[in-house]
Amino acid sequence: MTYRVPSNSVNLLSVLHLFLLFPQGSLWQQEFTSLEEKPQFPGASAEYIDKLEFIQPNIISGIPIYRVMNRQGQIVNPSEDPQISQEEVLKFYKSMTLLNTMDRILYESQRQGRISFYMTNYGEEGTHVGSIAALDDADLVFGQYREAGVLMHRGYPLDLFMAQCYGNTSDPGKGRQMPVHYGCKDLNFVTISSPLATQIPQAVGAAYAFKRANANRVVICYFGEGTSSEGDAHAGFNFAATLDCPVIFFCRNNGYAISTPTSEQYRGDGIAARGPGYGIQSIRVDGNDVFAVYNATKEARRRAVAENQPFLIEAMTYRIGHHSTSDDSSAYRSVDEVNYWDKQDHPISRLRHYMASRNWWDEEQEKSWRKKSRKRVMEALEEAERKLKPKPQLLFSDVYSEMPWHIAKQQTSLERHLNQYGEHYPLDHFEK
């Protein structure tokens with residue numbers, strides 16, 4: 001006698017029931033009418049096939065790149081025009097160009113030995129401004145180390161950028177961090193840390209807390225394509241999907257992780273292709289098109305809040321500058337390659353073309369703004385250089401309510417060193 005098992009999954013009680021019905025151990029099995037009938041394995045949704053065939057990664061078409069503007073700043077599909085006001089578009093442009101000016105001045109400052117380290121954002125300004133402009137001010141940001149434009153567009157002042165890079169007495173972190181490791185609680189920007197990908201599972205945890213609190217907030221987590229090779233990235237993606245967290249993973253695929261081109265980082269179709277594997281809705285956008293970034297992030301935010309779902313945005317862009325002041329990119333890429341992206345496909349020039357075509361911006365306004373923005377950055381820089389460094393003892397003053405024993409031991413050791421070797425310690429530039 002044969003017992004036909006229903007096509008839905010069988011639980012333990014069903015199995016026990018079968019043994020009660022057929023105590024003699026009669027044969028029971030699942031019957032399918034054809035190979036086309038869909039299997040019911042709990043681990044995947046798929047169809048049966050009767051031919052051995054491996055999936056070939058190189059024959060699958062790559063995920064397309066969503067764009068709104070072409071390189072001349074023309075709207076490709078009018079229905080995708082975000083219809084942003086002139087005032088807001090000008091704010092986009094001024095944030096992007098002010099960031100560019102700050103980068104140039106702080107980069108030269110490091111080369112002159114005034115600060116120890118710096119990382120520029122050349123070529124990636126559109127990813128910063130387009131994404132953060134699409135979010136609410138209450139949304140939480142986890143950055144990596146190349147998202148200065150995100151903070152700038154939210155209103156972080158130039159003097160605090162400078163104070164952090166110089167580590168002076170105005171630096172909220174009191175010089176504890178490396179330069180470009182910004183943070184601002186008031187602007188919902190979590191302080192950056194150096195280790196790659198640690199922010200990804202942290203962002204998922206914060207998003208899960210927002211979901212539990214029904215806070216109507218999302219978390220956006222920025223990282224580069226190199227960071228996505230870290231184990232924390234994979235863990236974060238999986239947690240976000242299985243826990244249904246309102247988080248936007250924003251990957252800046254700029255072509256190089258330090259000195260490693262993407263061809264040596266992965267063999268698959270970029271980062272967006274990983275999303276479906278984790279059950280995450282994903283999109284690939286033109287990162288040099290600030291409107292495409294804006295549209296994608298705005299829609300991802302809307303749905304993340306409404307549906308409690310994670311989203312993955314891969315912004316295709318190009319790192320025009322060196323990875324950092326510790327890097328020489330001429331060792332692994334040509335000058336012609338860099339010049340192409342700098343001169344022919346830059347997010348700032350693309351937005352400027354758009355504004356010029358609407359008579360919102362002209363050459364005189366450009367010259368005036370460039371001069372004004374440079375003056376603002378130089379004034380903030382000069383003010384930062386005039387300020388003293390925090391006293392070394394302040395490193396221990398506001399971290400713990402009850403200082404752990406090993407930190408107290410470090411503090412005692414430092415004070416002993418200062419008392420014994422103070423005349424040889426460079427204290428002349430520290431706060432008295």
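Me: Let me start with a loop. Between which elements is Lys-174 found?

Reply: Lys-174 is in the loop between α5 (158-166) and β4. Helices (H or I, at least four residues) and strands (E, at least two) are DSSP runs, numbered from the N terminus. This is a predicted model, in which local features need pLDDT of at least 70 and side-chain atom pairs count only at pLDDT 80 or more, while totals for chains, interfaces and linings use all residues. Residues are numbered from 1 along each chain as its sequence is written, and side-chain values use heavy atoms, with hydrogens and water left out.

Me: How do I read the phi of Lys-174?

Reply: Start with the general idea: most residues other than glycine have a negative phi. Lys-174 is not a glycine, yet its phi is positive, at about 55°. Gln-83 also has a positive phi, near 55°, and it is found in the loop between β2 (28-29) and α2 (86-111).

Me: Why does Gln-83 count as exposed?

Reply: Buried means under 20% relative accessible area, exposed over 50% and partly exposed in between (1.4 Å probe, protein chains only). Gln-83 counts as exposed because its relative accessibility is 61%. Lys-174 has 23%, so it is partly exposed. Over the chain, buried residues make up 44% of the 432 residues.

Me: What does pLDDT say about the chain?

Reply: pLDDT is the predictor's confidence in each residue, from 0 to 100. Here the chain mean is 89, and 89% of the residues reach 70 or more. Over residues 1-30, though, the pLDDT is below 50, and this stretch has 20 contacts in the model beyond near neighbours in sequence. A contact means heavy atoms within 4.5 Å.

Me: Now the sheet. What is the strand order?

Reply: Strands pair if DSSP finds at least two bridges between them. In this chain, with its 14 helices and ten strands, an open sheet of six strands runs β4-β3-β5-β6-β10-β9 with parallel pairing. Its edge strands, β4 (189-190) and β9 (281-286), each pair on one side only.

Me: Which strands are joined to β10 by six bridges?

Reply: One is β9, which runs parallel to β10 (residues 311-316); here Asp-286 stands opposite Met-316. The other is β6 (residues 247-253), also parallel and joined to β10 by six bridges, with Cys-251 partnering Glu-314. As a general rule, side chains in a regular strand alternate between the two faces of the sheet. As for cover, five of the six residues of β10 are buried.

Me: Let's move to helix α14. Is Ile-407 buried or exposed?

Reply: Ile-407 has a relative accessible area of 14%, so it is buried. It is found in α14 (residues 405-421). Leaving out residues up to four places away in sequence, Ile-407 touches Phe-396 and Tyr-400. Phe-396 is eleven residues from Ile-407 in sequence, and their C-alpha atoms are 7.9 Å apart.
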